[in-house]
Amino acid sequence: MQTRLADIAQQAQVSTATVSRVLNGRPGVSGATRQAVLAALDLLGFERPAALTTKSVGLVGLVVPELTNPVFPAFADAIERRLSEARFTPLLCTQAPGGTTEDRYVEVLLDHAVNGIVFVSGLHADTQANLGRYHRLRNSGVPIVLVNGYTPEIDAPFVSTDDAAAVDLSVDHLVSLGHRRIGLVIGPERYVPARRKVAAFGAALARHGLDDGEVHVSTSLFTAEGGQAAAAELLATGHTALVCGSDLMAFGAVRAARSAGLRVPQDVSVVGYDDSPLVAFTDPPLTTVRQPVEALCRAAVDVLLAQMRGEKASREEQLFAPELVVRGSTGGRI
């Protein structure tokens, strides 16, 4: 038993005394610490004692895009943990091309009488989508919060990563390395985050005196294949550095460079976006702009919980600052 306590304590980064208090249901342990101990139990394969099973106080819908992009499982995990701390059970709804639609998921969630819904990068981020679905939700009194993709047309709280700041960090970094031909590999501009990045990229080039009237933006899908196709266009016109709209697109950009006989970072520098899990272990390790996933998700759940308590939530968008993480995919001009 002592060995088990020590293993759990090491995994949760707490003392064995704290683990003992959690396992025995004693007071004096914060909700976050308790969750860390429970997570350690799960990760180490130990069954939770029956006494630790807390009764859920309600259901919350969590609608996220497909899970092939590793940043979305990271969002789902962070939101689930925060909801669990508040004793709410999440109902995870994942969208895939050709699969269940967002509207259908909402119908199912309402049938289950959820207490609220969190939308991550949903149709609210698509400037061409019909926003009536969100108006109807708000009129029905269901609390919602929308993550990444602000529009003033929806009367709901928003939390987002600062896309403009992310682009500024990327361009400033590449300019500091001596790059003058910098391109942007981005997804469809009908999505708010992509549109914001394109606008910020143009402003950043102008600020550095690199706005020469040529085409420096290539648009494709937010996938590795899309990134490869878009990057190939920019590499063919002599760009030596690429800012990408996601880590997946950055992987495609690295592939495009190698297909063209170029080395990363010796010949071409590549910057991703998200800092999704495992990008530190790619070849080369990816320089990227980290979304503050934990902070975003905590804010999203907290504002949702506030609405559930009947509190009036601000309709101003909460913007969170990203962070540049420099690894091996960027280098100076030789």
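Ser170 sits in helix H7, which spans residues 163–176; helices (H or I, at least four residues) and strands (E, at least two) are DSSP runs, numbered from the N terminus. The structure is a predicted model, in which local features need pLDDT of at least 70 and side-chain atom pairs count only at pLDDT 80 or more, while totals for chains, interfaces and linings use all residues. Residues are numbered from 1 along each chain as its sequence is written, and side-chain values use heavy atoms, with hydrogens and water left out.

With a relative accessibility of 2%, Ser170 counts as buried; here buried means under 20% relative accessible area, exposed means over 50%, and partly exposed lies in between (1.4 Å probe, protein chains only). Which residues does Ser170 touch, not counting those up to four places away in sequence? They are Val243, Val271 and Val289, where contact means heavy atoms within 4.5 Å. The side chain of Ser170 also reaches the backbone oxygen of Ala166, at 3.1 Å. This is a polar contact, a pair of N or O atoms within 3.5 Å; within protein, one must be able to donate a hydrogen and the other to accept it, and residues adjacent in sequence count only if both atoms are side-chain atoms. Ser170 and Phe158 are 12 residues apart in sequence, and their C-alpha atoms are 24 Å apart in space.

Next come the sheets. An open sheet is built from 6 strands in the order E2-E1-E3-E4-E5-E11, with parallel pairing; two strands pair if DSSP finds at least two bridges between them. Strand E2 (88–94) and strand E11 (318–320) stand at the edges with a single partner strand each, so one side of each has no neighbour in the sheet. From one strand to the next, the twist averages 20 degrees. Strand E5 (residues 158–161) pairs with E11 in the parallel sense over 3 bridges, and Ser160 stands opposite Leu319 in E11. Helix H5 (residues 102–111) lies across strand E1 (58–64), E2 and E3, and runs at about 155 degrees to E2. For such angles, axes are lines fitted to C-alpha atoms, for helices over the stretch in contact, and the values run from 0 to 180 degrees between N-to-C directions.

Strand E6 (residues 182–186) and strand E8 (residues 241–244) run parallel and are joined by 4 bridges, with Val185 opposite Cys244 in E8.

Lys197 belongs to helix H8. Is Lys197 buried or exposed? Its relative accessible area is 4%, so Lys197 is buried. Leaving aside neighbours within four places in sequence, the contacts of Lys197 are Asp163, Val167, Leu184, Ile186, Gly245 and Tyr273. Lys197 lies over the face of Tyr273, at 3.8 Å from the ring centre. A charge sits over a ring if NZ of Lys or CZ of Arg is within 6 Å of the ring centre and within 35 degrees of the ring normal. Arg4 lies over the face of Phe46, at 4.9 Å from the ring centre.

Phe119 and Tyr134 form an edge-to-face pair, 5.3 Å centre to centre with 85 degrees between the planes. Rings of Phe, Tyr and Trp (its six-membered ring) pair if their centres lie within 6.5 Å; planes under 30 degrees apart count as stacked, over 60 as edge-to-face and the rest as tilted. Phe119 lies in strand E3 (residues 116–120) and Tyr134 in helix H6 (residues 132–140), so the pair ties together parts that are 15 residues apart in sequence. Phe119 is buried at 1% relative accessible area, and Tyr134 is buried at 0%. The ring centres of Tyr150 and Phe158 are 4.9 Å apart with planes at 80 degrees, so this pair is edge-to-face. Tyr150 is partly exposed at 24%, whereas Phe158 is buried at 1%.
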